[in-house]
Amino acid sequence: MSLSRRRFLGLAAMVMTTHRIALGADNVPSVPVDLDHILVGAADLDHGIDWMQERSGVRALFGGVHPGRGTRNALLSLGPRRYLEIIAPDPQQSSATSGNDTASRLRAIQEPRIIGWAAHTNDLASLVQKAVAAGIAIENPRDGSRVRPDGKTLQWRSFALKNDFDGVLPFFIEWNRSSIHPSQDAPSGCTLEHFFIESPAVEEVRSVAGKLGLEVEVKPAQTPVLRARIIGKKGAFEIA
């Protein structure tokens, strides 16, 4: 059966539109393939847990403390190899122990919000070389760890960009192979449907992301913001 030119063009446009929706406005996946976790900052961990439960219907589980950084967290899974981390000041640690002053900045947050995200890699050293070769300035890679409530220690190595464009580009993490990825046993019931960046520096953000192999949707906006659409037990909701 032959198709008229008009009908053919109409079907082609429909296919392209469907494909574009599936990949996102910038022809990229609706969720970055390498997204490891989203960080939601809160001034108080219990409030952050309640806030997230009201929206998702899932209660995040206490994850542990970050020694020397003045923070603690609670986690919930967003699906395989992805999770959401609620991070807040640890009242048992002095703010003076937080070298990057993370705890002090968290105390200033009035309502929980996304403050960053992490992208995972299986070869952090190679990614460091790739960034340096591309002329992208990075912070020195560092080791990290957290003791879980069950006594097991999680270990990782990570690095951040010196210019993350006001927090919209991620830091990069390589989990120790002996560590259980937090998504495996964090409370389930949520999936990440859409995650994207808004920034006034759209082209610059896209350029750096591309050099680092990140496929993330970037939209123009007056202020830098990270946005996520999550499907929880109560249905879909958005956080930023």
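Glu54 and Arg55 form a salt bridge, with their closest N and O atoms 3.7 Å apart. A salt bridge here is a side-chain nitrogen of Lys or Arg within 4 Å of a carboxyl oxygen of Asp or Glu. The model is predicted: local features need pLDDT of at least 70, side-chain atom pairs count only at pLDDT 80 or more, and totals for chains, interfaces and linings use all residues. Residues are numbered from 1 along each chain as its sequence is written, and side-chain values use heavy atoms, leaving out hydrogens and water.

How open are these two residues? Glu54 counts as exposed, at 54% relative accessibility. Arg55 counts as partly exposed, at 28%. Buried means under 20% relative accessible area, exposed over 50%, and partly exposed in between (1.4 Å probe, protein chains only).

**Helix H2**

Helix H2 covers residues 45–56. Helices (H or I, at least four residues) and strands (E, at least two) are DSSP runs, numbered from the N terminus. H2 has twelve residues and reaches 16 Å from its first C-alpha to its last, close to the 16 Å expected at 1.5 Å a residue. That expected span is 1.5 Å times one less than the number of residues.

Which residues of H2 are buried? They are Leu45, Gly48, Ile49, Trp51, Met52 and Ser56. They cover an arc of only 165° around the axis, so they sit on the same side of H2. The arc is that of the directions from the helix axis to the C-beta atoms. Strands E1 (35–41) and E2 (61–66) are among the elements that cover these buried residues. Contact means heavy atoms within 4.5 Å. Just after H2, Gly57 takes a positive phi of about 80°.

The structure holds ten salt bridges. Three of them are listed here.

| Pair | Closest N to O distance |
|---|---|
| Glu54 and Arg55 | 3.7 Å |
| Arg148 and Asp185 | 2.8 Å |

Arg148 lies in the loop between strands E6 (142–147) and E7 (153–159), and Asp185 in the loop between E8 (171–175) and E9 (191–199), so the pair ties together parts that are 37 residues apart in sequence. Arg148 counts as buried, at 13% relative accessibility. Asp185 is partly exposed, at 39%.

Arg206 and Glu203 both lie in helix H5 (residues 202–211), three residues apart, about one turn of the helix. Arg206 is partly exposed, at 31%. Glu203 is exposed, at 56%. Salt bridges that share partners also join Arg148, Asp150 and Asp185 into one network.
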